[in-house]
Amino acid sequence: IMKEITSSMAGTVLNVLVEQGGEVSVGDTVLMLESMKMEIPVEAETGGKVSEIKVNVGDFVNEGDVLLVIEG
């Protein structure tokens, strides 16, 4: 099962805290966004292996953009 983690708001990718192939659990912070001078943690909604990271640090993302894909 592939689960896409999407951005809940527009912002800039501040930090990617996982690596492709890495394991994550539900609730793990996988990415940090910066929006309106606030740091917004993005959490894994499902556990599994990170199969794809679709953004880089410094990228601007819009609400609903796919940030990464978890294979569970």
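**Exercise 1. How many positive and how many negative side chains does the protein chain have, and how far apart do the centres of the two sets lie?**

Solution. Start with the ground rules. This is a predicted model: local features need pLDDT of at least 70, side-chain atom pairs count only at pLDDT 80 or more, and totals for chains, interfaces and linings use all residues. Residues are numbered from 1 along each chain as its sequence is written, and side-chain values use heavy atoms, with hydrogens and water left out.

Step 1: define the charges. Lys and Arg count as positive, Asp and Glu as negative; His and the chain ends are not counted. Each charge is placed at NZ of Lys, CZ of Arg, CG of Asp or CD of Glu.

Step 2: count. The protein chain has 4 positive and 13 negative side chains.

Step 3: compare the centres. They lie 3 Å apart.

**Exercise 2. Describe the fold of the protein chain.**

Solution. Step 1: list the elements. The protein chain has 0 helices and 8 strands. Helices (H or I, at least four residues) and strands (E, at least two) are DSSP runs, numbered from the N terminus.

Step 2: check the overall form. The radius of gyration is 11 Å, close to the 11 Å that the globule rule gives for 72 residues, so the protein chain is as compact as a globular protein of that length. The radius is taken over C-alpha atoms; the rule is 2.2 Å times the number of residues to the power 0.38.

Step 3: order the sheet. 4 strands form an open sheet, E1-E8-E6-E3, with antiparallel pairing. The edge strands are E1 (2-6) and E3 (23-24); each pairs on one side only. Two strands pair if DSSP finds at least two bridges between them.

Step 4: zoom in on one pair. E1 and E8 (residues 66-71) are joined by 5 bridges. Ile5 has Leu68 in E8 as its bridge partner.

**Exercise 3. Is Ser51 buried or exposed?** **And is Asn56 buried or exposed?**

Solution. Step 1: set the cut-offs. Buried means under 20% relative accessible area, exposed over 50%, partly exposed in between (1.4 Å probe, protein chains only).

Step 2: take Ser51. This residue sits in strand E6 (residues 48-53). Its relative accessible area is 17%, so Ser51 is buried. Beyond its neighbours within four places in sequence, Ser51 contacts Met2, Gln20, Val69, Ile70 and Glu71. Contact means heavy atoms within 4.5 Å.

Step 3: take Asn56. It lies in the loop between E6 and strand E7 (60-61). Its relative accessible area is 52%, so Asn56 is exposed. The C-alpha atoms of Asn56 and Leu67 are separated by 9.1 Å.
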